[in-house]
Amino acid sequence: MNTSNRVNQLKKSAIHEMTRLSKQYDDVAFLSWAKPTTGTPKHINDAVINAIKNGLTGGYSQSEGLTELREEIVKKLKRDNNIDANISQIIVTVGAIEGLAASVLATIDPGDEVILPTPTYSTHITQVKLASGIPVLVPLIEDENFALDIEAIKKAITPKTKAIMFCTPSNPTGTVFPESTLRDLGKIVLKHNLTVITDEAYEYFTFDDSKHFSMASIPELSKNVISNYTFTKTYAMTGWRIGYLHADEEIITQIKKAHIPLSICAPVASQYAAIEALKGSQDCIKEFSLHYLKARNLMCERLDMLDSVFEYNKPEGSYLMFPKILGEQGNDSIAFSKNLLKEARVSTTPGIAFGPTGENHIRLSFCVPEEMINKAFDRMEKYFK
Ligand SMILES: Cc1ncc(COP(=O)(O)O)c(C=O)c1O
């Protein structure tokens with residue numbers, strides 16, 4: 001078989017495997033979805049219908065995206081991320097995923113090392129491998145609600161280290177890295193001249209006193225940070241495949257060389273959706289946040305009743321959490337998840353899908369209706385009794 005070692009080395013995704021298995025059963029209670037279950041707000045859909053009727057969506061746009069959209073993104077970055085940007089520092093991408101892939105391809109050469117604090121979103125690890133880079137997995141500190149381990153990161157740096165890549169708020173742990181920690185990380189980044197590739201997909205979903213902080217808002221790091229964003233989570237636009245990235249102009253010129261062969265440009269109809277998302281009412285963000293906060297609280301309450309099975313950190317952001325499975329049954333998280341699906345009809349994601357440090361855990365999503373959480377936990381309580 002004539003396939004590349006780059007691809008051959010990649011393992012089948014445990015997430016997709018669980019989705020496939022879940023389809024074999026009726027009436028499954030899903031805690032494995034990491035995508036908004038509500039539809040895209042109507043005003044966004046309507047704006048796109050108008051753009052289609054007006055014949056605006058049939059061609060390519062500039063590869064970096066429509067000017068009007070980039071102008072709106074610049075305003076948003078200033079307002080919500082405290083980033084002073086201009087439109088030539090933006091590329092509109094096919095979701096955050098394509099932006100992240102282009103960022104990695106533009107940053108690393110084969111054999112370069114990329115530090116990934118884990119457990120983390122497994123696609124980041126895959127993207128580094130696809131670029132023939134070497135993922136260096138540095139465990140988060142679970143006892144401190146999966147905090148970044150700055151000392152361990154320092155120790156992991158070698159002459160081959162090119163970049164550090166992470167998501168905050170985090171998939172799968174729900175951690176929000178605080179400003180002070182990210183400023184400390186910034187000092188290390190400058191000292192070793194590394195690139196930081198951020199994935200800020202869940203930027204609006206933080207709870208209690210946690211606040212999202214964008215490293216690109218630190219002026220000294222302007223040449224070191226590539227920040228990736230998406231409309232997927234914020235506006236329930238999973239299927240539109242639209243996101244964007246921000247970096248210094250010189251870096252953007254290089255990233256564009258990777259972006260064009262990956263996509264030419266982001267889907268133009270989706271770019272019109274994104275313009276309306278940014279210009280129109282922002283009420284959906286408040287509604288989604290409130291729902292996730294209530295759902296998080298409910299999930300934590302229900303987990304408290306299963307304290308002989310799970311131990312957990314309360315998520316500070318995203319709509320995901322990463323409880324630890326107590327005892328020997330956690331040693332094989334795939335078997336644990338499969339069993340839960342087969343015996344209790346509850347679909348979860350095995351922790352090993354998020355790197356080796358994810359073993360002994362499952363990922364639960366509270367981006368589901370509250371009834372789904374109750375149904376899943378009623379079943380688990382019965383099963384574990
Ligand atoms: C951390 C993180 N980044 C990126 C994505 C995907 O984003 P997009 O749909 O914009 O490609 C996801 C989706 O689950 C995610 O959890």
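1. β5 and strand β6 (residues 195–199) pair in the parallel sense, over five bridges. Strands here are DSSP runs of E of at least two residues, helices are runs of H or I of at least four, and both are numbered from the N terminus. Two strands count as paired if DSSP finds at least two bridges between them. I164 has V196 as its bridge partner in β6. F166 is partnered with T198 in β6.

2. Some ground rules. This is a predicted model, in which local features need pLDDT of at least 70, side-chain atom pairs count only at pLDDT 80 or more, and totals for chains, interfaces and linings use all residues. Residues are numbered from 1 along each chain as its sequence is written.

3. Strand β5 spans residues 161–167, and seven of its seven residues are buried, so the rest of the structure largely encloses it. A residue is buried if 20 or more other C-beta atoms lie within 10 Å of its own, exposed if 12 or fewer do, and partly exposed in between; C-beta atoms are placed from the backbone. β5 also pairs with strand β3 (residues 113–118), in the parallel sense, over three bridges. There, I115 stands opposite I164 of β5.

4. β6 is likewise largely enclosed by the rest of the structure, because five of its five residues are buried. Both of its faces are covered. T195, I197 and D199 are buried on one side, V196 and T198 on the other. In a regular strand, side chains alternate between the two faces of the sheet.

5. Helix α6 covers residues 122–130, and its residues S122, H124, I125, Q127 and V128 are buried. The buried residues of α6 pack against α5, β3, β4 (134–139), β5 and β6. Contact means that the C-beta atoms of two residues, placed from the backbone, lie within 7 Å. Just after α6, S132 takes a positive phi of about 60°.

6. The ligand has 13 residues around it, and G95, A96, I97, T230 and T232 come nearest. A residue is near if its C-beta atom, placed from the backbone, lies within 6 Å of the molecule. Helix α5 (residues 95–107) gives the largest share of this shell, three residues. The shell divides into six nonpolar, six polar and one charged. Nonpolar means Ala, Val, Leu, Ile, Met, Phe, Trp, Tyr, Cys and Pro; charged means Asp, Glu, Lys and Arg; the others, Gly among them, are polar.

7. Now the domains. Domain 1 is 5–40 + 283–384, and domain 2 is 42–279. These bounds come from an automatic or database domain assignment. The domain centres, taken over C-alpha atoms, are separated by 25 Å. Domain 1 puts 33 residues into the contact, and domain 2 puts in 36 residues. On the domain 1 side, α11 (283–304) and β10 (320–321) each supply at least two residues. α11 gives the most to that side, with six residues. The domain 1 side divides into 15 nonpolar, 13 polar and five charged.

8. Finally, the whole chain. The protein chain holds 13 helices and 14 strands. Its radius of gyration is 21 Å, close to the 21 Å that the globule rule gives for 385 residues, so it is as compact as a globular protein of that length. That radius is taken over C-alpha atoms, and the rule is 2.2 Å times the number of residues to the power 0.38. Along the principal axes, the C-alpha atoms fill a box of roughly 60 × 55 × 50 Å. Buried residues make up 49% of the 385 residues. Among contacts between residues at least 6 apart in sequence, 75% join residues at least 24 apart.
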